[in-house]
Amino acid sequence: LMLKCAVAYIPFFLSTVEPPDVRGYGIPVVIEGERRMVYTKAPWMPGGGLGYIAENGVLRRATAIDKIPPCGIVCLDEFRQAGLDTQKPAAELLLNRKVGESHLPDGYIVTACSNRESDRSGVQRELMFVTNRRMLIRIEPNLDAWADWAEKEDIHPLAIAFAKHKPHVVFADTVPEKSGPFCTPRSLVMASYLIGEMDMDDYVECAGGLIGQGAAAEFVAFLRVAEQLPSYEEIVKDPKGTPIPTRPDACYAAMQMVAHRVDVK
């Protein structure tokens, strides 16, 4: 995002396509009296309004009239959730930045993303010739980076405060043994959208359906503590006289409430 030129970001969800879709669509034509097969430009190629453009630090969706940026990233998302027959043609894209007649411009690179096998997310075994064509970098969850994103996206401050107070609940490294809802940053954000939209009894049920009953009980208890805090207006009016909460979870909630609304004045 700090580059001076515009940068394209093209997500291509490999798990949603079939093997022929990776190359492009075959069309029979007649050339010099002979019937031949030609292929359309592959759907992961830049242009045509696909993907996003980062320019001057801002990411926006590309349009069909945008000039193709000179550099960019093609991301093969859910790579190992795709069938093995779909991974095979994508291997050429990883190695040579091309498949068939479609070739990425020189300023473009290819990345792939996947869950781990331990996440029980439909990950296929990896073909060894694909393993030998790429560099593997493990992405670890980072509370500070997520909180920074959540603030910019105006996620409810109490959800951010809960994540900071209970990171082991929100950023657990393993999925539950039993199937059912469980808490992740994504499901917590979905639960945060419902705060204040219904009475607390109904919210308990909805939160449990998103982040699991155990995490929902902790989150709702956290919300009830936050209800007893002084308001932001009371703190601004008398910052030295307003009582400071004594419970750690209440302190987190109060700090996040103030940080979320603070301005220069």
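1. The secondary structure comes to eleven helices and nine strands; helices (H or I, at least four residues) and strands (E, at least two) are DSSP runs, numbered from the N terminus. The radius of gyration is 24 Å, well over the 18 Å that the globule rule gives for 265 residues, so the protein is more spread out than a compact globule. For the record, that radius is taken over C-alpha atoms, and the rule is 2.2 Å times the number of residues to the power 0.38.

2. Before going further, a word on provenance. This is a predicted model, where local features need pLDDT of at least 70 and side-chain atom pairs count only at pLDDT 80 or more, while totals for chains, interfaces and linings use all residues. Residues are numbered from 1 along each chain as its sequence is written, and side-chain values use heavy atoms, with hydrogens and water left out.

3. Overall dimensions next. Taken along the principal axes, the C-alpha atoms fill a box of roughly 90 × 45 × 35 Å. The accessible surface comes to about 16,700 Å², and 56% of that belongs to carbon and sulfur atoms (Shrake-Rupley method with a 1.4 Å probe; for residues, only the protein chains shown count as cover). Of the 265 residues, 35% count as buried, meaning under 20% relative accessible area, with exposed being over 50% and partly exposed in between (1.4 Å probe, protein chains only).

4. On contacts (heavy atoms within 4.5 Å): among those between residues at least 6 apart in sequence, 63% join residues at least 24 apart.

5. Now the sheet. Five strands make an open, mixed sheet in the order E5-E4-E1-E6-E9, where two strands pair if DSSP finds at least two bridges between them. Strand E5 (58–61) and strand E9 (108–112) are the edges, each pairing on one side only. From one strand to the next, the twist averages 20° (axes are lines fitted to C-alpha atoms, for helices over the stretch in contact, and angles run from 0 to 180 degrees between N-to-C directions). Strand E6 (residues 71–77) runs parallel to E9, and five bridges join the two; Val74, for instance, has Val110 in E9 as its bridge partner.

6. The largest nonpolar core has 34 residues, and Trp146, Leu188, Tyr203 and Phe219 have the most contacts inside it. A core here is a set of buried Ala, Val, Leu, Ile, Met, Phe, Trp, Tyr and Cys residues joined through side-chain atoms within 4.5 Å. Elements giving two or more residues to this core include helix H4 (143–152), helix H5 (157–165) and helix H9 (213–227); H9 supplies the largest share, eight residues. Leaving aside residues up to four places away in sequence, Phe219 touches Leu158, Ala159, Phe162, Leu188, Ile195, Tyr203 and Ile211. A second, separate core of 23 residues includes Ala42, Trp44, Met45 and Leu104.

7. H5 deserves a look of its own. Seven of its nine residues are buried, so H5 is largely enclosed by the rest of the structure. Among them are Leu158, Ile160 and Phe162, and the buried residues of H5 pack against H4, H6, H7, H9 and H11.

8. Two backbone spots to check. Most residues other than glycine have a negative phi. Glu78 has a positive phi of about 50° although it is not a glycine; Glu78 is in the loop between E6 and helix H2 (84–96) and is partly exposed, with a relative accessible area of 27%. Arg97, also not a glycine, has a positive phi near 60° and sits in the loop between H2 and strand E7 (98–99).
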